[in-house]
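Please look over the sequence and the model before reading on.

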Amino acid sequence: MEPLQAIEQLDAVKLLKTSYFAYPVVNAVHIAAIGALLTSVALMDLRILGAFRALPERPFVALLRRLAFLVFGVAVLTGLVLFSVRASHYAQMPVFLAKMSLIVLAGANFAAFATVDKGLDASVRPPVPRVLAATSIVLWCAVLLCGRFIGFQ
C-alpha cells in the first residue's frame, strides 16, 4: 500500500471520516485559523506599507507576527488532519500542489523580509520591505483562493 493510502487507513482517520462532529469541527477550526492568519498578515503588511500610522510599527508588527505564527501552526495541524482523510486524492490535485507551493513562497517571502528589515528604521523604510509586504498580501490571498478551490473539486 502506498504511504498516502496508508494514512487514509489509520484508525484515527477512519474515525474522523465516520464521525458526525469531528470533521466539521476540524474544518471550522482550520477556516478560523486561516481567517486569523490572513487578517494578522494583512494588518501587519498594511502597517509596513504605511497604513495605521497612529500605531507604533515595531510593537504592532511584533504582536501580529506572534499571532500569525500561532494561528499558522493551528492551520497546519488542522490542515494535516483534513488532508489525511483523502491524502492520495489531494496529493494529485494541481490546486492543492499550487496551495502548498504558495505557502512555501510566502514563507520564503517572510524570511526575505525578516532578513532585509532587520535593524532598519521603520520611519525611513526603503522600498524592498514594502514590496515584500505587498507580495505577502498577494501570496496569502492566493493561498486562500486555492484552498477554496480544493473544497470544490
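The model is predicted. Its protein chain contains seven helices and zero strands. Of the 153 residues in the chain, 32% count as buried.

**The chain as a whole**

- Read from the N terminus, the elements follow the order α-α-α-α-α-α-α.
- Along the principal axes, the C-alpha atoms of the chain fill a box of roughly 55 × 25 × 25 Å.
- Contacts between residues at least 6 apart in sequence can be sorted by their separation, and 71% of them join residues at least 24 apart.

**Helix H3**

- Helix H3 covers residues 22-48.
- H3 has 27 residues, and the distance from its first C-alpha to its last is 39 Å, which is close to the 39 Å expected at 1.5 Å a residue.
- The buried residues of H3 are Val26, His30, Ala33, Leu37, Ser40, Val41, Met44, Asp45, Arg47 and Ile48.
- An α-helix has 3.6 residues a turn, so residues three or four places apart point the same way.
- The buried residues of H3 are covered by parts of the chain that include helix H2 (11-18), helix H4 (57-85), H6 and helix H7 (127-150).

**Met44 in H3**

- Met44 lies in H3 and has a relative accessible area of 6%.
- Met44 counts as buried because this value is under 20%.
- Leaving out residues up to four places away in sequence, Met44 touches Val61, Leu64 and Arg65.
- Met44 and Gly107 are 63 residues apart in sequence, while their C-alpha atoms are 15 Å apart in space.

**After H3**

- Gly50 follows H3 and has a positive phi, near 115°.
- Phe52 is found in the loop between H3 and H4.
- Phe52 is a residue other than glycine, and its phi is also a positive value, near 55°.
- The relative accessible area of Phe52 is 36%, so Phe52 counts as partly exposed, between the cut-offs of 20% and 50%.

**How H4 and H6 pack**

- The axes of H4 and H6 come within 14 Å and cross at roughly 155°.
- This angle is over 145 degrees, so the two helices are roughly antiparallel to each other.
- On the H4 side, the contact is made by Arg58, Arg65, Phe69, Phe72 and Phe83.
- On the H6 side, the contact is made by Phe96, Ile103, Phe110, Phe113 and Asp117.
- H4 passes H6 in a left-handed crossing.

**Asn109 in H6**

- Asn109 is found in helix H6, which covers residues 94-117.
- Is Asn109 buried or exposed? Its relative accessible area is 9%, which is under 20%, so Asn109 is buried.
- The side chain of Asn109 reaches the backbone oxygen of Leu132 at 2.9 Å.
- Asn109 touches Leu132, Thr135, Ser136 and Leu139, when residues up to four places away in sequence are not counted.

Note on methods. Residues are numbered from 1 along each chain as its sequence is written. This is a predicted model: local features need pLDDT of at least 70, side-chain atom pairs count only at pLDDT 80 or more; totals for chains, interfaces and linings use all residues. Side-chain values use heavy atoms; hydrogens and water are left out. Helices (H or I, at least four residues) and strands (E, at least two) are DSSP runs, numbered from the N terminus. Buried means under 20% relative accessible area, exposed over 50%, partly exposed in between (1.4 Å probe, protein chains only). A polar contact is a pair of N or O atoms within 3.5 Å; within protein, one must be able to donate a hydrogen and the other to accept it, and residues adjacent in sequence count only if both atoms are side-chain atoms. Contact means heavy atoms within 4.5 Å. The expected span of a helix is 1.5 Å times one less than its number of residues. Axes are lines fitted to C-alpha atoms, for helices over the stretch in contact, and angles run from 0 to 180 degrees between N-to-C directions. Angles under 35 degrees count as roughly parallel, over 145 as roughly antiparallel, 65 to 115 as roughly perpendicular and the rest as oblique. A crossing is left-handed if the near helix is turned anticlockwise from the far one by less than a right angle, and right-handed if clockwise.
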